Amino acid sequence: VKVERLKGRRLAWSQFRAVVRKEALQTFRDRRIISMLVLAPLIQVVLFGLAVDFDVDHVPTAVVDMDGSATSRAQLRQLLADGTLRRVARVSTEAEANQLLDQGVAGAAVIIPAGFGADLEAGRSPAVQVLVDGADPLRSSTVVSTTSQFFGRLAAQGLRERLAEAGRTHLPEVKLVPRVFFNPRLKTAVYMVPGILAMLLVSVTTIVTAMGLSREREMGTLEQLLVTPVEPLTLLGGKMVPFVAVGFFDVLLLLAIMTGLFEVPIRGPLPVLALGTLLYVCSTLGVGLLVSTVSSDQQQGFMGGFLFMLPAALLSGIMTPVSSMPAWLQPVTWLNPLRFFAELVRGVLLRGAGFRQVWPQLLILTVFGVTLMSVATYRFRRKLA
Amino acid sequence: MASKEILHIQRDPRMLYFAIVMPAVMLLLFGFGISFDTDRVPIAVCDADHTPESRALANAFGRSKDFDIVARPRPEEIEGLFQQGRAQAALVMRPGYGRNLANERPAEVELVVDGADPSSANQIMQKADAIARAETRGRILRLGVPTQPTVEARAWIRYNPRALSPIFLVPGLTAYLLGVGAVLLTALSIAREWEHGSMEQLFASPVGRFEIILGKLVPYLGIGMLQLLVILVVGTTVFDVPVRGSLLLLLGLALLFLVCMLGQGLLISATSRNQFLATQRGLITSLLPSLLLSGMLFPIDNMPMALKVISWAVPARYLVHAFRGIMLKGGGWETAWPDFVALSIFAVVVLTFATVRFQRRIA
């Protein structure tokens, strides 16, 4: 009996290997599919890395200097010096500045009132006006804080001079000294590109499996395979293995691009990342398999995969932090494997987190992987039976 | 021709669902899901000073709605808190802080920030800076010295004074959602006809080539306009996005944009042999650029030169600009005409190309 069982296991193993070989041959023979699995992620990550930049600088600014004194010119020059604001126009009235804002030529306007220099010297506190195009909240808040910091400093300097005249040499000031960890030059790409990895793996695993299996259903080749003595489970496993391999290949490829092109550091242990990737790919393949069981052709398979991918990408914290979402929406992100994989990748690569810091993410990914795979396999077998 | 295509669409209600329900759901998800405001930043406080002054500053952070004090670790534990994602910033007050302030001297505090996410880090630094300045102002006031500010800066925020993310996103999102629907639906539906061979049958019929193409496009144009209405209704009612300018101009631009996108879908389907390839090409050539290079999320001003140049060829860029102008700023023809011209050029070019490729394919 033992020998029989051993034989059976050996048979299953050789069948499994045969299916993997067939699937790998079939997938990799098609040059277009290969280019899609490799080239498309490549294009996307480079494009994302270059385009995604939340830094607010070079805000086109209109300048209205109604004073025209040496003081106003000097202050304006200093205000523009750090590059957050970039002068695109010099106009003479507030109405003209407003018009530039309306046309979108300028994103902000700084209006220096007449008599600014004289008032400042006489201690009469002139009021500078800053008009801001508020359409983009990120940009407008930066413009407001940049200008208020600049003029705040100017005011503090004036105050200090006035107090010095009264015989006071120092003031109780709270000075904030920032120290930035992990990404000291605050580059957006360093943070975004590892997040993009989570999104790209969905498109190379979920959508490809969903469409691929739907196509087999459309053409009836799946049924043909089933009349062979291969077990459905072995068949399914064999079909998944090439995609797991492609997923890992893509991760390595993107890691190379990240570190080479976008200066993303690798601070944490790579085995933790590899384990996380394996668990995550189980989840995304499981979703693809599930989608294929409810689709009857490729178009539906694609739409199903797409309908999973977009909301999952949005509600993952990859683009914007989960903590910024409304409170009622945040619990939804708990159902999203993308969220935990993105946290894991960023933690390991940027913050040097190891197993001790990211074990909760690994645990959650395990739960997702096992659950999704089991449900998908169960449905797949039932559909075939 | 058009009525045949409409029949096709009617027979597959999933298509209609994809076209109508999806934009509404996406809009809700984007509108609620994407927000750059970081409020209630989890912050750790390391107070090694233990003076009334240091407690006062910690309280100022605790009272602010921008910060939540989540831990009081030792300085060497900060990095671990960041790695676990339990805190995003830490306020470190070293011994001597309170004494300096009590002696009416400047005192330094360290603000340690998890810089991994730069946009959050920048906002955290801005918000913390505002609290420190308020603290300074309060202390100077208490000295009883004349503190009338020597210069004031007043900011007037126009168009979106409450800095709501959806008001910024919805006009841009419209372009994205319209583009997704138009390109993918046409590309997929025509690619399917090639795959099944029904396209050749059509061309063998006495209907003219131009009529066939037109007939294929008109129903999708209708779906696109329907999508636009759904988006506008959801945007204005759920997210209070204003439409300050002319609605007619808005619809006109959207129609022109749809022609561009349908033309692109046509071109893709004429050059792709099957649905799989058509989908991938649609994703890479239209979805990705519409999302990344249109200025919908990321300002084009900040991009490297090469991407700026590519963005000129992305129709969504012009629609996003025009829609923001019309909806938020109440702009009219005088600000939208350059976008109108750019979209027209794109439409003519892409339709010419698509027709040529189409004819070559059947020949």
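Is Thr142(A) buried or exposed? Thr142(A) counts as buried because its relative accessibility is 13%, where buried means under 20% relative accessible area, exposed over 50% and partly exposed in between (1.4 Å probe, protein chains only).

## Basis

This is a predicted model, in which local features need pLDDT of at least 70 and side-chain atom pairs count only at pLDDT 80 or more, while totals for chains, interfaces and linings use all residues. Residues are numbered from 1 along each chain as its sequence is written, chains are lettered from A and ligands numbered from 1 in the order in which they are written, and side-chain values use heavy atoms, without hydrogens and water.

## Thr142(A)

Helix H6 (residues 137-165) of chain A holds Thr142(A); helices (H or I, at least four residues) and strands (E, at least two) are DSSP runs, numbered from the N terminus. Beyond its neighbours within four places in sequence, Thr142(A) is in contact (heavy atoms within 4.5 Å) with Val56(A), Thr84(A) and Gln126(B). Its C-alpha atom is separated by 60 Å from that of Ala18(A), 124 residues apart along the chain.

## Glu216(A)

Glu216(A) is part of helix H7 (residues 188-219) of chain A. Its relative accessibility is 12%, so Glu216(A) counts as buried. Apart from neighbours within four places in sequence, the contacts of Glu216(A) are Glu23(A), Thr221(A), Leu222(A), Leu225(A) and Lys239(A).

## Arg90(A)

Arg90(A) lies in strand S2 of chain A. With 60% relative accessibility, Arg90(A) counts as exposed.
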